Amino acid sequence: MSSADAPAPEATAVEPEAEPTDDIRSGLLATLELELGEAIVESHLKPGIGLWVRVTTEAWNDAAVAARDKLGCTFFDFLSGIDWMPSPFGRYEVADIDTEVSLAEKVAAARAADRISGYAGGDTRFQVFARVVNVTAHHDVVLKCDVPEDTLTVPTWSRTYAGSNWHEREACEMFGIRFDGHPDLRKLYLPGEFEGHPLRKDFPLLSRVVKPWPGIVDVEPMPGEVAADGDAAEEEVDG
Amino acid sequence: MTLTQRDELRAYAHHATDARVNVELETEGMTLNIGPQHPATHGTLRIVAKLDGEQVIAAEPITGYMHRGYEKLVEVRTWPQINTLVNRIDWVGSFSNEVPFILACEQLMEIEAPPRARAIRTILFELARIANLVLFAGDMALQLGAQTAAMYAFRDREYVLNLLESASGGRFHPNFDRIGGLKDDLPKGWIDDTRAALVKIREFCDEMDLLVTGNEIFEARTRGVGIIPADVALSYGLSGANLRASGIDWDLRRDGGISGLAYDDVDWKVWTHPDGDCFARYWVRLQEIREAAHITEQLLDKLPAGPIMAKVPRIVKVPAGEAYVETENPLGAMGFYVISAGDLGPFRVKIRTPSFNNISVASWVMRGVYVPDIVTILASLYFILGDIDR
Amino acid sequence: MRVFAELSYWQQTTLRSVGVLLAVLLPAGAFVQLFLFKLVSFMHNRLGPNEAGPKGSLQLLAEVGKSLQKEDIVPEKADRVLFKMAPYLVVASVLLVYAAVPFGPDAWFTNLDVGIFYILAVSSISVIGILIAGWASANKYSLLGGLRAAGQLIAYELPMVLAVVGVVIQAGTLNLQGIVGAQANGEIFGFGGLGNPFVLTQFIGLAVFMIAMQAELTQTPFDMPVAESELVAGYMTEYSGLRFLLFFIGEFASAGAFAAVAATLFLGGWYLPGLSLTADYMNVVGPLVLFGKMLVLGFIVFWVRFTFPRLREDQLQRFAWTVLIPISLLNILATATLKVVF
């Protein structure tokens, strides 16, 4: 994540050659800044590509209202969460079964490791992000906000955009992020008694843990090669 | 990891699969449980409808019977491997699933597919749309009881599937799009075959007009049923034909500013309908089949020569950053929010599927309708289950 | 038929029973094989059954055999007695209808003076069977289907009766033999060569009758009680094996029965212009003529079925009460007026 902490004007300046201006998106940003003021923590503008705005947790719903009413972004696209913790298990390249390090240790190590953050930065492990679009003027904005580590709660959007109801339910079950004021935070996909939040990085992908898969190897060995490579095959069966 | 831990995890995984069967059902008044196995849900969607006689007091779609956790699975795969996975999201118009993901990767890598690849991509995209929407037209009629139209749909979809098969090898899951271009060039004679197939598709549309569109019963069943006003549609994030049927002129093929597809090179029209009812949604989609055939024909006429693959490193590493690309899929706006940490695979991918938003409006629009209208509304909102559950 | 009259009572009874069974099963089988298997495949542009026997002609037997082999499942919470009884009620009503249909000058099972009245009465018994099936299945879809069927059949019984009234006025009798005779001996503006099949004068009656018949048979566009995309076969949802087969036979046999009644009322029944009305050979030719006419009407029924989408329950009721019934009342008025005038 390049120049993650760079504020908007700098991010624009960082863009290489080719006139890094985008009047429409700068205008959008200016409007939002006017409306939200201090609530905007950071923003990132990629000319011709997109605008990312991070707001404070408290102003999360205000940002939605501002985007809807001031920017005309009446179309609700999506809302979801991100877990910025690096995955404790990598891509499960190694057969996890046979290593000495337990899952818990790996998770602890990953928690301690440096977190990255995306466009418009971020201070917490979890972030909520959403995109809204203006379908007449054809512009859009991606809004982000940090999720406080202690409460894991952000204000709901479901009164601003009706469609965010399901998206918030999904984010809640997948990341464990609570949405304050949401009418009905039941699980959407997962069964009622399901424990854990699958899209968190420390939630192991069980199928890969139980049966390691050489996912990083792109090419399957031909039948002949398998016979020649008998040792590896045997090890896998063993695992 | 010790043996007991492994057993624990196995038990956990087992428990997880078992537990999804038991979702508590409220029983208050007459509750009709439509699905998860029901002809109208073509898949495993469940609608819990509270009825007063034949009138629906409240209806709620319940999803998750086919949730495959793609957002988690893509995190352990490399960039090229994900293509196979996203193919399975909307399985009726598979090729169109690949495109937004590939485009998002291309945006981050700052490469662009050569013109020929872009044109072929667009052609296949439109063919996938035809395959998808032809089935919709047939299914819509079938849900209303007209069986013949459904059979015609299956018959004529075959022409398109054959084309996709001869181009890519896969009838349902082409897996043909690559970062920076396409897997292969088109086979010999494909262009003529496509032209012939498009004639059949046009005939199908005319047939549907004769058989279904003007039919009084069909109109009585669909006109004025399941009206979704524009502001509701926007607020729920309805997209594609569902949005255009509510009178909003918004098509990502034209308005999305997507550079990896060749829509700007051709002359076509976005169809809208002011009514916002089931008939409007059906009608808009039927016009879109014709429009897709029109677009494809123009692209075939001026298919540029040249390579089909840009210079892409053998082992794909996408630079760190975030990209969101949304394309106008047969079902609506489908987008991939790709977050890369500069690795062999993505850090996180948020898959925005059209059916998810489209079906979330169901409980709003089904209030007060009759039981048969549930079927009409579901059919006209048009969802593919894999596209809701991912 | 003199021969028949000389037989002892039990022999007559046996022959009659066999006859009724034949009358029920033959048209039902023919409708299934011809229309449900072949015609629909042709219309749908697909192959249809073509493996069993030459050109799939034995498919029907295969289907029957398949159904007979299947387990007869009764749902746990179902009302067992009623659940098991319902299919027989439905089939019984069809058998009763055939009892009053004449097939030739002497080929009839009973020659009731109020034949058409009797037929309209017994044909609605099947509603009770369907309602029982829907209720006893302990299934919400079945219940909805059964109730829809009841509402629909009651609503369409009325236009059907009213459509028949025109014929009765014109023929001056309720006896079906009498109606056939009236058509055979009728004259069109003094020309008696063709007789006067009531389709020519009572075409509105025929149209109303056919529509009402479509609804009574729960065929598309009036197939809400079984609507497979909503109610998953409605009242038949829980049935399997023999009992499902009985429903199935009931459906197609009553299609045949109604077609026979409609043919008798409007198309001249077993009589064909040029043939004798009283000769003995008509007892053999008559049934064939009637069967031919039934096929024509059956074709229309299934043609409509495979072409149209289905209505909604409220639209169906509105159609019956606001369109069909007024039309048939006007038809009666016109018929009566003209009857008096001429």
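**Entry 1: the model and chain C**

A reminder to myself before anything else: this is a predicted model. Reading from the N terminus, I wrote the order down as α-α-α-α-α-α-α-α-α-α-α-α.

Next I looked up burial. Chain C has 342 residues, and 53% of them are buried. I then turned to contacts in chain C with a separation of 6 or more: 77% of these come from residues 24 or more positions apart. For the surface, I noted an accessible area of about 14700 Å² for chain C, with 73% of it on carbon and sulfur atoms.

**Entry 2: where chain C touches chain B**

How many residues does each chain bring to the contact? I get 23 residues from chain C and 34 residues from chain B. Together the two chains bury about 2600 Å², and carbon and sulfur atoms carry 57% of that area.

I also looked up the polar side of this interface. Eight residue pairs are in polar contact between chain C and chain B, counting pairs with both residues at pLDDT 80 or more. Which helices of chain C supply at least two residues each to the side that touches chain B? They are helix 2 (9–44), helix 7 (140–171), helix 11 (282–307) and helix 12 (313–341). Helix 7 of chain C gives the most, with four residues. Sorted by class, the side of chain C that touches chain B has nine nonpolar, six polar and eight charged residues.

**Entry 3: the salt bridge across the interface**

The rule finds one salt bridge across the interface of chain C and chain B. My note for a friendly reader: side chains of opposite charge can pair when their charged atoms come close. Here the partners are C:Arg312 and B:Asp373, and their closest N and O atoms are 3.0 Å apart. C:Arg312 sits in the loop between helix 11 and helix 12 of chain C, while B:Asp373 is in helix 15 (residues 371–381) of chain B, so this pair joins two chains.

Are the two partners buried or exposed? I checked each in turn. C:Arg312 has a relative accessible area of 10%, so I put it down as buried. B:Asp373 is at 3% relative accessibility and counts as buried as well.

**Entry 4: salt bridges within chain B**

I widened the search to the whole structure, which holds 49 salt bridges over all chains. One that I followed up is B:Glu297 with B:Arg202, where the closest N and O atoms are 3.1 Å apart. B:Glu297 lies in helix 12 (residues 278–301) of chain B and B:Arg202 in helix 7 (residues 190–213) of chain B, so the pair ties together parts that are 95 residues apart in sequence. I have B:Arg202 as partly exposed, at 28% relative accessibility.

I also looked up B:Arg223 and B:Glu219, whose side chains meet in a salt bridge at 3.0 Å, N to O. B:Arg223 is partly exposed, with a relative accessible area of 37%. B:Glu219 is partly exposed too, at 23%.

Which residues of chain B are linked in a network of salt bridges? I listed B:Glu126, B:Arg129, B:Arg244, B:Asp251, B:Arg253, B:Glu288 and B:Glu328.

Technical notes: Residues numbered from 1 in each chain as written. Chains lettered and ligands numbered in written order. Predicted model: local features only at pLDDT ≥ 70, side-chain atom pairs only at ≥ 80, totals over all residues. Heavy atoms only, no water. Buried < 20%, exposed > 50% of the residue type's maximum accessible area, 1.4 Å probe, protein only. Contact = heavy atoms within 4.5 Å. Areas by Shrake-Rupley, 256 points an atom, 1.4 Å probe, with all protein chains shown as cover. Buried area = accessible area lost by both parts, 1.4 Å probe. Salt bridge = Lys/Arg side-chain N within 4 Å of Asp/Glu carboxyl O. Polar contact = N/O pair within 3.5 Å; in protein donor to acceptor, adjacent residues only side chain to side chain. Nonpolar A, V, L, I, M, F, W, Y, C, P; charged D, E, K, R; others polar.
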